[in-house]
Structure formats: structure tokens, C-alpha cells
Amino acid sequence: MKQVIYTVLVNEHLTPDVCRMELSGDTSAITKPGQFLNLKLDGFTLRRPISVCDFDEGRVTILYKIVGSGTAAMEKLAPGSTIDALSGLGNGFDISKSGSAPLLIGGGVGIPPLYKLCKELLAHERKPTVLLGFNSKNEIFFEHEFAELGVSTLIATIDGSYGTRGFVSDLMPGIDYSYFYTCGPMPMFKAIEQVAETSGQFSFEERMGCGFGACMGCSCQTRFGNKRICVDGPVFEREEIIW
Amino acid sequence: MVDTKVNLSGWELDNPIIPSSGTFGFGKEFAELYDINCLGSFSFKGTTRDPRFGNPTPRIAECHAGLINSVGLQNPGVEHVIAHELPELGTYFKKKVIANVSGFSIDEYAYTCEQLGKQDCVGLLEVNISCPNVRHGGMSFGTNPEAAAEVTSAVKQVTDKPVYIKLSPNVTDIVEIAKACEQAGADGISLINTMLGMRIDIKRRKPVIANRMGGYSGRGIFPIALRMVYQVYEAVSIPIIGMGGVSTTEDVIEMMLAGASAVQIGAANLIDPWICKKIIEKLPETMQKYGINSLKEIIGGAHNG
């Protein structure tokens, strides 16, 4: 973990509710896809944990959904503004377990961390398949970004306005995969748990106090004891999760 | 050269800065960020006789000038703390620590305090009778002078270590509780714990916190904490550890002028994990600015006559 003052390079809407923010600054504490930043915003006490969508040396991209007053304040940050962040938090995804053809399953604003994961898997000569789930066509983002990586990307919408009608988990039967990685809402996780045929990793979300393991604000119970989502997670293996 | 040393019941601390229980774990996460031996001491995670998972999540909510938590005393239990946490703590913290203890019965408080009181690394016991996040315990002992006195005398009988009682602000008259603890033999008073509060999610029309209510801490409670330290200082002659929303060197000095012999820092650690180190480093400069040579000399300095 490192405290970094990032500078906003880009802050733009991808959909009416989802924005993409590109930041410049020290990214040396971010070592794995699936880690997060904890952002201090003017006028708020608690930092906001936001997953890293992509990073390289000196540059990090986050996607966020405007759901409350904190994310509404983020939307207003103009290029050139600075943000105090605790950088490189959380365990991140473990790509060593992926096998040759992992499945990446994202739901809504859970999709962002899968982007860098996908790039890492490709860099390690794996052949990922990506499944993205949205409520409706007007909420879709990052379809083209994944497609540009050259991976097979399938979309499901709950209302059927784009791609396959139904839940993203409905796309899983019929696909051959060696392992899976997923991030998204809890009902989606439970549906995946029902149909998944391999081991996999789930990235969880929770309201956090500190984000670095001190306050026990985001604890959960697992098959291997109590864990903190912020430091022992947010990524947990299928075998340790109690549903 | 200014003197930042303070004294708690015969235990001399290099400075009055103590991270408060529940915001600092057993120090490990912070020891990875800076050398925590710069601290006066720290109060470790509230420990109970038996292991506890605590309350369901969400346990945390943003609120004006602070946050609400409803962790519910999650801890691995006193046996595990003694067998694992304290030996590990000894590898990165060379000073004595404050053992924060909670319980659900008088016997349980006494048992846990007796076990922790035997540990060499424990400088004093801080008995939490003020946790707002558990039922049938915690705060119920801290909202009634007789019950507070009963816990105090039970704990005093089982340990030779100084016993400080951590009080709740969620009472009609905190001075009565403090006096009852002093009369029952308490060596000092810690105040304040968090204030019972809540937030409601307007879209869901439900409380944000799973346990509905929680403890409000952070900058917003500083004036309330300061006022209570000031009032208790006038009523008791034992040392006070002041806390509640402290996040700057000026806050520390205000707390000491109100009557605190040492000052704990809580919520601020969660937002800026280096805050205690920064305050300790800046304290001499702030002392000089206000013409303070020795912190000991300003304790209670805001009281007339």
C-alpha cells in the first residue's frame, strides 16, 4: 500500500451512470489485476474503494458507477484535479490457476477489474472468453474494449435488448473453460455458483472503513475462518466461500 | 527542547499519542507502514473471553464529519490473543500496550482482565463498558453507575495493573458514572467511546447499517468529547485519557487543556494511516507556537483556579 496523489487526466461518461477516469501518478504499489484504490474526496470522511480497471507505469484507469454522493462528487472532478489515494490495496486475482482457457464473467460495474485481468491472461498466452451481463442495452460499456483485445466476448441483457436475453450465467453452459474469474452483484455470484463446473475466483464488494485491514468493517466468514474483504480479499476462491 | 512526556498511573509515555482500540488492530497493519515505536502506546483491538465474529455487514456508514461503525467487537478471543497476537506484537512494538477488554458479564470481564493483566507487555487495562454495538453487554454496564462500579471493583480484584474504565457518552450524566468508577477503585478513566447514531438509505428506505444503529466517531464528536473530558476532570482526581474526533496537534492540546493526561486517536487512523506519526512529529512545533514547554504542565489548564 502506498499513498499517492494522482492527477485526473480523463473523466468521461461511458453510459449515463458509468464513468471512466484515467489518472496519472505512481502505480508501483499496484501489482495484480483485481486490486483497488481507496480515494479521499473533499467533503467526505470515508475513502471510496474503487477497483482498478487497467494500469501501467504511471497511469491507472478506474471505472465507477454514480450510485451516491461520493461517486457523484467524483463525476465532477475535472482533468488536472488531484485525488489522494491509498494505492494497491487488496489481494487481486491469482492468474496462476487459470488453466489454458479461463472464463471471465462480469456483471455491470463489476466488469472493470476483469479488463486488466484479461490483458494479463493474454500476456501469459492463455485464451480467455469473456461474458458480460447488463440490465439493458443502454447500460453496456467495454464491449469494444474487450473485443479489441481479440477475445471472444458474449453479452447478456436481462431485458433482452442486446445479446442474449437473461442472466450472464445463462451463457455458461456450452462453453468449455478451464477455470473462471468473476466480479459483479451477489445474485449473479449465486447463479454462477449453481452452474459453474470448475474452480474459480470471486471478487467481492463491501462497505469499508479503512481498506487496509485495521477496522474489521468489511469482515466475512469463510470456510477457513474470518477474513477481511479489503486485505484478505476482495478476491476469494470458490472453495472458501460460504454461500 | 520541549517535553512531550506524560504519565499514566506511574507509567511514563514518551508522548500522549495513543491510537484507540478498534482503529489499530494489534498494530501490525500500521507497523508495515511506519515504525510504530514512535507512539506513546496503543490500545489494541477490544478483546473478549470468547472469539466473536461481530455483527453482520454493512458495518460502516459515511456521515457528516465522521463515520458510523457497527463492528460488534470482532476479535479472536483472549486465549488466541495471548497465544498469537501478543507474541507477534512483541516483534514490532517494544513498548507496553493498553489491553482493551470487553465482556457480557462481570465474571467475563474479570476473567479476561485477569488473563491479560498477567502479560508483561500490558501497561494498563482499558475496560470497555461502552460498546454501543452489542446487546446485553458492553454499554449496558456503562450507562448505570452501580453496574460500572461493580465491573470496576471486580476487575481491580484480579489484577495489579492499572485499570482504566472506558466510558460511554450515551448517558444522561457521564460525571456520575466516572465518579462511581473512581470510588470503586478505578486508576483512570478513558472517554469517550462512540455516540450511538444511524443513517438511512433513502432509495431502499432502510438503515444503511445491518444492525440498524452504530457508533458515530470522527471530527463531528470532538466538541462533545472535549466537553465531557472537561466535566469529568472537575469531578475526579484520577487521570483521564481523552478521545473523540481528535485529528490534529491542536486537538491534542485542547484535550489536554480540558483535563486529559493522554490522548487517543481513532477514526483518523482509518482515513490517514500515518496520522499518529504526523501528529507526534508536529507536536513539538505546535507546543512552541503556543509557548508550551511541557505537556504535563498543561493538563487541565483550561479550568479556572
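In which sense do strand 14 and strand 15 of chain B pair, and over how many bridges? Strand 14 (residues 240-242) and strand 15 (residues 262-265) of chain B pair in the parallel sense, over two bridges. Strands here are DSSP runs of E with at least two residues, helices are runs of H or I with at least four residues, and both are numbered from the N terminus. Two strands are taken to pair if DSSP finds at least two bridges between them.

The model is a predicted one, in which local features need pLDDT of at least 70 and side-chain atom pairs count only at pLDDT 80 or more, whereas totals for chains, interfaces and linings use all residues. Residues are numbered from 1 along each chain as its sequence is written, chains are lettered from A and ligands numbered from 1 in the order in which they are written, and side-chain values use heavy atoms, with hydrogens and water left out.

Chain B contains 10 helices and 15 strands. Its radius of gyration is 18 Å, close to the 19 Å that the globule rule gives for 305 residues, so chain B is as compact as a globular protein of that length. This radius is taken over C-alpha atoms, and the globule rule is 2.2 Å times the number of residues to the power 0.38. The C-alpha trace of chain B spans about 50 × 50 × 40 Å along its principal axes. Of the 305 residues in chain B, 61% are buried; buried denotes under 20% relative accessible area, exposed over 50%, and partly exposed in between, with a 1.4 Å probe and protein chains only. Among contacts in chain B with a separation of 6 or more, 72% are between residues 24 or more positions apart, a contact being heavy atoms within 4.5 Å.

Helix 7 (residues 222-235) of chain B includes Val232(B), which is buried with a relative accessible area of 0%. Not counting residues up to four places away in sequence, Val232(B) touches Ile174(B), Val175(B), Ala178(B), Leu191(B) and Ile240(B). Helix 8 (residues 249-258) of chain B is mostly covered, with seven of its 10 residues buried; Val252(B), Ile253(B) and Met256(B) are among them. The cover of these buried residues includes strand 1 (6-8), strand 3, helix 7, strand 14, strand 15 and helix 10 (275-289) of chain B. Just after helix 8, Gly259(B) takes a positive phi of about 135°.

In chain A, a closed barrel of six strands runs 1-2-5-4-3-6 with antiparallel pairing, and the twist averages 45° from one strand to the next. Strand 1 (residues 2-13) and strand 6 (residues 82-89) of chain A pair in the antiparallel sense over six bridges, and Ile5(A) stands opposite Asp84(A) in strand 6 of chain A.

Strand 7 (residues 102-107) of chain A is also mostly covered, six of its six residues being buried. Pro102(A), Leu104(A) and Gly106(A) point one way from this strand, and Leu103(A), Ile105(A) and Gly107(A) the other way. Strand 7 of chain A pairs in the parallel sense with strand 11 (residues 179-183) of chain A over five bridges, where Thr182(A) is the bridge partner of Ile105(A). Strand 7 also pairs in the parallel sense with strand 8 (residues 129-134) of chain A over five bridges, and Gly106(A) stands opposite Leu132(A) in strand 8.

Between the chains, 30 residues of chain B are in contact with 27 residues of chain A.

Conventions: Axes are lines fitted to C-alpha atoms, for helices over the stretch in contact, and angles run from 0 to 180 degrees between N-to-C directions.
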